[in-house]
Amino acid sequence: MMGPAHSLSGAAAWLGVGAAAAAAGHEMPWPVLVVGALICAGAALAPDLDHKAATISRAFGPVSRVLCEVIDKLSYAVYKSTRKPGDPRRSGGHRTLTHTWVWAVLIGAGASVLAVAGGRWAVLGILFVHMVLAVEGLLWRAARVSSDILVWLLGATSAWILAEILNKPGNGADWLFTAPGQEYLWLGLPIVLGALVHDIGDALTVSGCPILWPIPIGRKRWYPIGPPEAMRFRAGSWVELKVLMPVFMMLGGLGGLGALGII
Ligand SMILES: [Zn+2]
């Protein structure tokens with residue numbers, strides 16, 4: 001899928017988690033619902049850091065371009081060293097390592113550790129990166145025509161404001177993990193979820209997605225998971241724009257209402 005569909009599905013997924021959490025007795029204060037949905041929208045672009053034309057690889061100027069090259073090389077190296085006889089030869093790392101559940105869990109756990117151990121500036125940094133991505137993903141063309149600097153300023157400002165709101169007592173810095181010292185531990189959850197939702201979205205497209213790596217399936221360790229061929233679509237096709245995106249919006253809306261206890 002393309003950036004906007006990925007981001008929208010990420011936001012909708014977090015709102016759905018909000019509804020499930022409310023049903024399970026862990027209501028999210030509204031700032032957790034909103035910030036989580038935005039983080040998840042941003043995190044749903046992150047796996048494409050292995051592809052230089054992707055939004056995320058262009059979102060932070062030279063920093064993300066260099067990171068993209070490193071990630072692509074790393075992914076390719078991991079692919080080559082772990083492939084089984086049934087896995088095809090390939091020439092680059094796109095849709096390999098960063099499109100697995102292992103990667104999703106690692107970056108989410110990494111962000112949680114960073115948020116808990118690094119204090120205020122770490123939280124601001126995580127928020128900044130994801131707000132920039134959320135703006136790029138959700139506003140897509142509108143963000144494209146403006147300059148990178150404007151998007152970064154918007155990301156920085158919203159990160160600052162949202163951190164201020166979350167910090168107020170009762171606003172959810174300690175949502176789900178309530179012991180002292182566990183503030184912001186939950187920040188990793190929308191990051192894991194965003195990456196997984198991205199992988200599932202890619203799995204629906206023609207090439208599939210090796211989400212289960214390194215669990216071997218038959219003669220493959222990088223088995224491209226996906227529905228039967230007839231149900232798959234091309235990235236950016238009308239199915240994505242006219243069917244999936246409105247469905248994500250509707251599900252997100254329902255999830256949000258459920259999370260806030262309105263329905
Ligand atoms: Zn992808």
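Reader: How exposed is Leu176, in relative accessibility?
Author: In this predicted model, Leu176 counts as partly exposed, a label for anything between buried (under 20% relative accessible area) and exposed (over 50%), with a 1.4 Å probe and protein chains only. Local features need pLDDT of at least 70 and side-chain atom pairs 80 or more, while totals for chains, interfaces and linings use all residues. Residues are numbered from 1 along each chain, and side-chain values use heavy atoms, without hydrogens or water. The value for Leu176 is 34%.

Reader: And what is the phi of Leu176?
Author: Leu176 sits in the loop between H7 and H8; helices are DSSP runs (H or I, at least four residues), numbered from the N terminus. Leu176 isn't a glycine, yet its phi is positive, at about 70°.

Reader: Where is Arg95, and is it buried or exposed?
Author: Look in the loop between H4 and H5 for Arg95. Here's another non-glycine residue with a positive phi, near 60°. With a relative accessible area of 14%, Arg95 is buried.

Reader: Which residues coordinate the zinc ion?
Author: Donors are N, O and S atoms within 2.8 Å of the metal (3.2 Å for Na, K and Ca), and water isn't among the atoms, so sites may look incomplete. Two Asp residues give OD atoms and two His residues give NE2 atoms, at 2.0 to 2.2 Å. Going along the chain, the spacing is D-x50-H-x98-H-x3-D. The residues are Asp48, His99, His198 and Asp202.

Reader: How many residues apart in sequence are the parts tied together by Asp48 and His99?
Author: Both Asp48 and His99 are buried. Asp48 comes from the loop between H2 and helix H3 (55–59), and His99 from the loop between helix H4 (61–82) and H5, so the pair ties together parts whose separation is 51 residues.

Reader: Which residues have the most contacts inside the largest nonpolar core?
Author: There are 32 residues in this core, with helix H1 (3–23), helix H2 (30–43), helix H5 (101–139) and helix H7 (148–167) each supplying at least two. Trp14 is in contact (heavy atoms within 4.5 Å) with residues beyond four places in sequence, including Met28, Trp175, Trp186 and Leu193. The residues with the most contacts inside the core are Trp14, Leu127 and Trp186.

Note on methods:
Core = buried A, V, L, I, M, F, W, Y, C linked by side-chain atoms within 4.5 Å.
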